[in-house]
Structure formats: C-alpha cells, structure tokens
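Hi everyone, thanks for coming. Let me put today's structure up on the screen, and then we'll walk through it together.

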Amino acid sequence: MGADRPGEFELISRFFAPLAQDPGSLGLSDDAAVITPAAGRDLVLTKDLLAADIHFFSDDAPEAIAAKALRVNLSDLAAKGARPRGYLLGLALPDDWTTEWLERFCKGLAADQAAYDFPLLGGDTIRSGNGLQVSITAIGEVTRGKAVRRSGARPSDLIFVTGTIGDAAAGLQARLDPDFRRRHGVSAEQQAFILDRYLLPRPRTRIAGLLTECASAALDVSDGLVADCGHLAAASAVDVTLDLGKLPLSDALRHLRDKAPPVFSRCLNGGDDYEVLVSIPEERAAAFAQDAARLGCPVTQIGQVTKGNGQVVLTRDGQELAAQEDDGFRHF
C-alpha cells in the first residue's frame with residue numbers, strides 16, 4: 001500500500017464513519033452493528049456481490065459503481081415489500097486504489113443514502129488481488145408476516161411488470177460495441193438513455209408498501225424477464241403465460257425491435273432491468289395499476305397465471321411461440 005494511503009482505522013474514521021449515522025452502527029467503533037426491528041415488523045435481508053468487469057466496468061465513475069451496488073439491493077427489498085433500514089458494506093479494493101477514487105465512491109454512497117433513507121451500519125474493507133469487488137448486505141423492514149415471496153402466485157392472477165424491459169441489456173451492448181449506434185441506427189438520445197439504464201438502476205421502492213397490500217408473489221427482474229418469470233412459476237408451482245406483444249418498451253427498444261430483431265431478442269431477456277415482476281389477484285388488478293401510477297411507478301399487465309408445474313408459455317397475438325431455453329443471465 002502506498003505511503004499516502006490511510007491505514008485501516010484511519011480509512012474507517014475518514015471515509016466510512018461519516019456515512020454511519022444510524023445509532024445501531026455504533027459509529028463503526030465496534031465489531032458489529034446492533035439493530036432492533038420496530039414493533040410488529042420483520043427484518044428482510046438480502047445480499048448482492050458485484051465484481052469489476054462482470055457487473056460493471058472498472059473505469060465506470062466511482063459514484064456510479066457505489067449507486068449501482070446499493071440500488072440492486074434496494075430493488076430486492078422493494079420486491080419483498082420492505083422499507084430500507086440500512087446496509088453492511090464489504091469492499092475489496094484493487095492494488096491501485098487511490099484516496100481520490102475512494103472519496104468519490106463514498107460521495108456516491110452518501111447521495112443514495114440520502115435519497116433512499118438507507119444508512120451504512122457496518123462492514124469490512126480488504127485488499128483484492130483480482131480487481132474491485134463490492135458486496136452489500138441490505139436490511140429492510142416489513143409488516144410482520146407480509147413479506148412478498150416468489151411462491152404465492154395462484155391461477156387466475158395477472159402478471160404485471162414495472163417500468164420498461166430490456167434497456168439495461170441494450171446499454172451493455174452499446175458499451176461493448178463502439179459502433180453500436182451507427183450499426184443499428186440508434187439516435188444519440190436513445191443511446192444515452194440505455195447507457196444510463198445500464199449504469200444506474202432505478203429501484204422501485206415507492207411501491208413496496210403497495211405490494212404488501214396487493215401482491216400474491218413478486219421478485220425483481222435481474223436475470224431477465226423470461227428467466228425470472230420462470231423463477232416465479234417454479235417457486236409457485238404454476239405456469240405463467242407471457243404475452244410478448246404487451247411488454248412495455250422504451251423508444252430505444254422499440255427501435256431495436258423494428259430495425260435489429262436479433263439484438264432486440266438478446267436485450268429483452270438480458271437481465272439487469274431491476275424492475276419488479278408481480279402477480280396480482282385479478283380482483284385487485286385495476287386498483288393496483290391505478291395506485292402504482294399514482295405513486296409514480298407505472299405498471300403494465302403482461303401475462304397471467306394458470307395451473308401448471310413451473311413453465312413459462314410465450315405468446316404473441318394469441319399464438320404460442322417456441323420456448324426460449326437459453327435466455328437469461330447466468331451467474332456461473
């Protein structure tokens with residue numbers, strides 16, 4: 001480690017202690033945080049590990065890396081119907097880290113902590129021999145017994161998804177291909193949009209409470225829409241019929257659908273959407289859509305639940321399509 005870089009305890013006091021304002025963090029002065037859930041609440045815990053040049057690019061802005069690490073976890077909490085309570089940070093820094101980089105990284109953490117009321121509670125920092133790695137353990141709270149699981153979908157439920165699908169995967173394609181815009185006739189505005197969607201997920205925290213009132217099952221779309229429909233179907237022991245003609249698409253994805261169908265198909269189930277896929281009983285569906293829109297989170301009905309054994313049935317214009325066996329993000 002360079003002589004100009006702080007040691008472990010100075011690093012904690014200088015960079016991370018200012019982020020730890022929750023009393024349960026004990027000011028990062030002890031070996032563990034101590035938190036007590038509010039009366040009548042359950043704790044919800046989730047963890048995502050992000051590695052450089054796998055989940056983000058090593059030359060991405062430090063602020064954006066910090067925001068993405070927090071937001072993918074906030075997306076998991078939102079899909080459970082949980083309100084953010086705090087997080088633990090595991091940070092493995094490469095040999096060439098600098099204090100300037102870490103200051104910017106912590107600036108990104110601070111901005112999202114304020115935006116989502118999501119304080120640092122503790123964690124650990126080590127030196128990495130294999131590039132930057134960021135691990136977040138997120139803690140949320142939900143009314144006791146109300147956490148929304150993958151396994152509650154029932155036949156006759158309707159399937160909704162928030163936001164638009166495929167943008168982040170398209171943004172990744174644009175990052176990997178310097179000629180992406182010219183090759184596919186994408187406008188500057190469309191390319192800027194998909195790049196931003198890849199870099200900075202938009203966790204749907206506003207509808208967390210609504211999910212606990214209305215949803216029978218939910219999960220966030222991280223592995224890809226078809227793949228995650230399959231996860232929901234398998235956990236609930238039902239089939240999901242998905243209408244590809246109803247999928248909510250941005251201008252950029254509609255352009256790719258019309259001008260570059262193979263690219264569009266890859267993006268549609270490429271993952272990293274961090275939207276919420278949710279199963280809603282039919283009698284609650286209209287109210288759910290209205291309330292979600294009122295909360296600033298539009299939703300689209302894209303399918304329905306039927307009796308079955310964990311299959312996803314793809315349709316368009318009422319016609320069944322061939323299954324897509326190899327789609328979705330693979331962790332290994």
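One definition before we start: a residue is called buried under 20% relative accessible area, exposed over 50%, and partly exposed in between, using a 1.4 Å probe and protein chains only. Please keep in mind that this is a predicted model, where local features need pLDDT of at least 70 and side-chain atom pairs count only at pLDDT 80 or more, while totals for chains, interfaces and linings use all residues. Residues are numbered from 1 along each chain as its sequence is written, and side-chain values use heavy atoms, with hydrogens and water left out.

Let's begin with salt bridges. By that I mean a side-chain nitrogen of Lys or Arg within 4 Å of a carboxyl oxygen of Asp or Glu. How many does a search of the whole structure find? The search gives 20 salt bridges.

One of these joins Asp 95 and Arg 127, at 3.8 Å from N to O. Asp 95 sits in the loop between strand S2 (83-93) and helix H3 (99-116), and Arg 127 is in strand S3 (residues 120-127), so this pair ties together parts 32 residues apart in sequence. Those labels come from DSSP runs numbered from the N terminus: helices are H or I with at least four residues, strands are E with at least two. Arg 127 counts as exposed because its relative accessibility is 59%.

Another salt bridge pairs Arg 144 with Asp 42, with the closest N and O atoms 3.7 Å apart. Arg 144 is exposed at 54%, whereas Asp 42 is partly exposed at 27%.

In the bridge between Asp 179 and Arg 182, the closest N and O atoms are 2.5 Å apart. There is also a network of salt bridges linking Arg 41, Arg 83, Arg 85 and Glu 141.

Now to the sheet. In what order do its strands run? This open sheet of seven strands goes S6-S8-S5-S9-S7-S10-S11, with mixed pairing. Two strands pair if DSSP finds at least two bridges between them. At the edges are strand S6 (217-221) and strand S11 (319-320), each pairing on one side only. S6 and strand S8 (residues 275-280) run antiparallel, joined by five bridges, and Asp 220 stands opposite Val 276 in S8.

Within strand S9 (residues 299-307) we find Thr 300. Thr 300 is partly exposed, at 24% relative accessible area. Contact means heavy atoms within 4.5 Å. Leaving aside neighbours within four places in sequence, Thr 300 is in contact with Ile 159, Phe 160, Val 161, Lys 246 and Pro 248.

Finally, a pair of helices. Axes are lines fitted to C-alpha atoms, for helices over the stretch in contact, with angles from 0 to 180 degrees between N-to-C directions. The axes of helix H4 (residues 167-176) and helix H6 (residues 188-199) come within 7 Å and cross at roughly 105°. That makes H4 roughly perpendicular to H6, because angles of 65 to 115 degrees count that way, while those under 35 are roughly parallel, those over 145 roughly antiparallel and the rest oblique. Among the residues meeting there are Leu 172 in H4 and Phe 193 in H6.
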